[in-house]
Amino acid sequence: MSIKTEPFILNMGPQHPSTHGVFRMRVTLDGEVVVDVEPVIGYLHRGIEKLAEGRTYTQNIPFTDRLDYLASMTNNFAYVLAVEKLAGIGVPERAEYLRIIMAEMMRISSHLMAVGFFLNDLGAMMTPVLYMWREREKLLDLFEMVCGQRLTYNYMRIGGVSHDIPEEFLPALKRFVAEMPKFIDEYDQLLAENEIVLTRTKGVGVLPEDLAINTAASGPVLRASGVKWDIRRADPYSIYDRFDFDIPVGSVGDCYDRYWVRIQEMRQSVRILEQAVAQLPEGEVCAKVFQLLRPPVGEVYGHIEAPKGELGFYLVSDNSIAPYRFHIRPPTLINLTALKEMVIGWKVADLVITFGSIDVCLGEIDR
Amino acid sequence: MTLLEQFQLWLATIWPEWAAYITPAIVGIVVVLAFVLLTVIVFIWYERRLLGRFQIRLGPNRLGPEGIFQPIATALKVLLKEDIVPAKGDKLVHWLAPVVVFVPILLIFAVVPFDKGAIFSDLNVGIVYVVAISSVSAVGIYMAGWASNNKYALIAALRTIAQMVSYELPVVLSIIGVVLMVGSLSMSQIVESQNIPFIILQPLGFVIFFLGTVAEMNRCPFDLLEADSEIVAGYHIEYSGMKFAMFYLGEYGHALAYSCIIATLFLGGWQGPLLPPIIWFLIKIVAVFSVIVWMRSTLPRLRVDQLMAFAWKCLLPMAVINLFIVAAEALWLPEALPWIMVVVNFAFASILTLLWSRLFALGGGRVEV
């Protein structure tokens, strides 16, 4: 006698502990095995792209904070870079360095969260997350010193940054930079050699190199698949060409590689921070820019290497005070397109960790 | 003779026979239940505090000294919650499941020797009784998962059956190793024969038993039944109020019960120098529980196929080999030379563990669909 079986459909989310927000996956399961995944997005849609068309260029900076709220500062950075490119505004030297410092601090902070929650998805009951939060807390304190905020900073301005750093900031940052490599080693030692972590993540959720390129994946997800593509090197913006850093590249493109690439990128960010702090010049922090900026008619696409991938802003100006079109290229939305190919045939538990290893932020996906 | 039997004999001299028969039973039940429930509450508090320390935070510390009353506040909160039953669930089974989970756990304590003679019932098949009774909880978990009419709960229910059946075998085989040495199934006999705790005599058996029981009480890294990052809360996802509290208490009761069993079988039970026996027993169960909490706070979860592979490919063969070694030693080694056995068994344990960790890959990979 054979037992009749049939696949069933499971709705994971939008309320689910490991969908990192309000993501929903319509999963078809055959027992524990994932047969089909259909992502459903839009639960956090706020219409930022449309709203931005009714506000001035400066007023749009706070909107970018609300995209990837775990890396607000880099969103600010990407947006102001695009506007500066559009309007042809120069940035003082000190402001460039401050921006780099903030962006790299943000990268460490975002990767800490990504790695922590990835391990939480693996089932390590909050402990790795809380250890990561310990370090992130120090970064948030630093951000608070600079701009008074801990989550949505709104620090960058068109032509520079909103104000100079306080004098206690640099000593605190130097202390952090000195301590951080030790902590990264500690995490790496605790987690990367854990048998369970290895058996759970090695070879799971593989994103092959060609598929990664074809789906336009970017950031750690792409680099874990073995593609050496980092916009900081491939299309240098700001002053990244002055710094010496490596681009860590994975080999297989599995969950472990994505985890490993993030850990290595944190080390490289610390290196950049060291150099930036040493070279930081004195001077102005913001160029003189009209409050009601009217960029010349034209369009521009500015992109940077955000912690989660290539974050791009496409702006069209019609010489008015507000952008005619304000489009965002969110890295995680595009990284997610390969999710189905990565998880089919694996178990439910693998679906969760593969999704976690992509490191999504729903504020950015739904906009 | 247990204390309760002595009490019964003494009562029979002054009371009619039926009263002398019933009264000690009631007294025993009340004492054991009070001990168990109080200890469970303390364990809940202890786990939260210890977990807090592991996670570089404080844990609950507001209510009472060091937050000791926090579990009571939690219990009150849970009691006041609305009891929700899924509209299309099986109402009777849904109602019965927490009871079926909780009661067997209480029944385990009937054969736990807390002190010399301080055992509710010194069954001559004590350890078999423990194995039999503790398996009943799995039925309750399956009932809960089935009756909830929820897909997460159903996945958890099916995982339960697979997990419980798989891990029962190595656990029982490692118990047989102990029984072979003692020559009795009675729990108090097992304690009394441990002049050297069996953890030293049979390290491999202890490891297998410990891992197997951790899997049976659904603790990390084997907590697949309530894997909150995958299937949210698993079998008790549709439970609220007092029914949920039963599961919660059951989980900690299970941990306490198995801490007691591990302490009895492998750590020498109430035996120990200087301190009174009951204190030794408490120290040992707290130590075992601390290790369980430690594992929970540090280890990630295994995947379901890896969990099965771990039981069938690692624990079961090792348990069988361990059983053969112990049987041979029980047959041929004179009792006067336990220390030879210690050395031999430690050597075997380390060789086998190394061998297995090198030879076996856990679980399968991608399934073609």
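Let me begin with helix H4 of chain A, which is mostly covered, since 28 of its 30 residues are buried, where buried means that 20 or more other C-beta atoms, placed from the backbone, lie within 10 Å of a residue's own. Please keep in mind that this is a predicted model, in which local features need pLDDT of at least 70 and side-chain atom pairs count only at pLDDT 80 or more, while totals for chains, interfaces and linings use all residues. Residues are numbered from 1 along each chain as its sequence is written, and chains are lettered from A in the order in which they are written.

Helices here are DSSP runs of H or I, at least four residues, numbered from the N terminus. Just after H4(A), A:Gly123 takes a positive phi of about 105°.

Turning to the contact between the chains, 30 residues come from chain B and 34 residues from chain A, with contact meaning C-beta atoms, placed from the backbone, within 7 Å. On the side of chain B that touches chain A, helix H11 (277-298) and helix H12 (304-332) of chain B each supply at least two residues.

Finally, the domain assignment of chain B, automatic or from a database, gives domain 1 (1-80) and domain 2 (82-362), whose C-alpha centres lie 21 Å apart. Their contact takes 20 residues from each of these two domains of chain B.

Terms used: Buried ≥ 20, exposed ≤ 12 C-beta atoms within 10 Å, placed from the backbone.
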